[in-house]
Amino acid sequence: MLEQLIRIKKYVFPMLQQVAINIGIAVLIWIVGRKVIKWVKVLINKGFDRHQTDITVRKFLNSCINYILHTILFLIILNQIGIPTASVVAAIGSAGLAVGLALQGSLSNLAGGVLILLLRPFRVGDYIVEDTKKNEGSVESIGIFYTTLLTPDNKKVVIPNGILANNSLTNVTGQTQRRLDVKVGISYDSDIKLAKTIMEDLLVKQDARVREKELLVVVSELASSNVVIEGRMWVEASAYWKTRWYLLEEIKIAYDKAGIEIPYQKLDVNILEKK
């Protein structure tokens, strides 16, 4: 019995003492580590503020950074206590690989969402056309996994970010100004000079026209059944469709008043009577 007590005092007590010291150091590492993580996150958010990073990107990156830093802190604490971290890292790596293989599509959308939010090929409010499936509409929201569009007739289209990040798209309203092209075919018997003058007068009067850029009215084509008069001018992007629709109507009315014929397809039917 005495030998057992001596052995306990000689071996067990020092071991318990060391364990207690390691636990105490681990608690201290946890307290200090939490403060360091908080300080690092403050510095990162200040960097986000300077670069005016999108709020969705900020939330996502903050979440990732928080997870990574706490994982590192957890491994340091395990190592301090005496638990081998190599096996823990291997287990986490294996689990991560399995989850990654199972969620390849979702991870592709996640990466696409981060790229879109960082590179900004389009923003909320832009009108875009996705060239692969020809989905189009105004961007309502950009999420981590999906982007939501609203079509002109108020239908909601949800597109995976992986598709938008890995394929071409057209940002219709990405620029503040757009060139407006109007083409009208007139008959070969009509007065070309008069048709050009009428179109040019209408283009010049448009309030949405960008005065600093060139306005042009030309004969763009001698087609098989008409002469194509084309007008080009630059307008504010927000007024593009309204201006185009108004011009087409006014050109038709003005040409009718001036006696300028806009030809259309005709079908002549001849009935032969039997004698």
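Strand β7 (residues 216-222) runs antiparallel to strand β8 (residues 227-236), and six bridges join the two; strands pair when DSSP finds at least two bridges between them. The model is predicted, so that local features require pLDDT of at least 70 and side-chain atom pairs count only at pLDDT 80 or more, while totals for chains, interfaces and linings use all residues. Residues are numbered from 1 along each chain as its sequence is written, and side-chain values use heavy atoms, with hydrogens and water left out.

**Strand hairpin**
- Four residues lie between β7 and β8, which form a hairpin, and V219 has I229 of β8 as its bridge partner.
- Strands (E, at least two residues) and helices (H or I, at least four) are DSSP runs, numbered from the N terminus.

- G162, which lies in helix α5 (residues 161-166), counts as buried because its relative accessibility is 7%, buried meaning under 20% relative accessible area, exposed over 50% and partly exposed in between, with a 1.4 Å probe and protein chains only.
- Leaving aside residues up to four places away in sequence, G162 touches S108 and N109, where contact means heavy atoms within 4.5 Å.
- The C-alpha atoms of G162 and G113 are 7.2 Å apart, although 49 residues separate the two along the chain.

**Packing of α6 and α7**
- Helix α6 (residues 192-204) packs against helix α7 (residues 240-258) at an angle of about 140°, with 10 Å between their axes; axes are lines fitted to C-alpha atoms, for helices over the stretch in contact, and angles run from 0 to 180 degrees between N-to-C directions.
- Residues making this contact include L194, I198 and L202 of α6 and L247, I251 and Y255 of α7.
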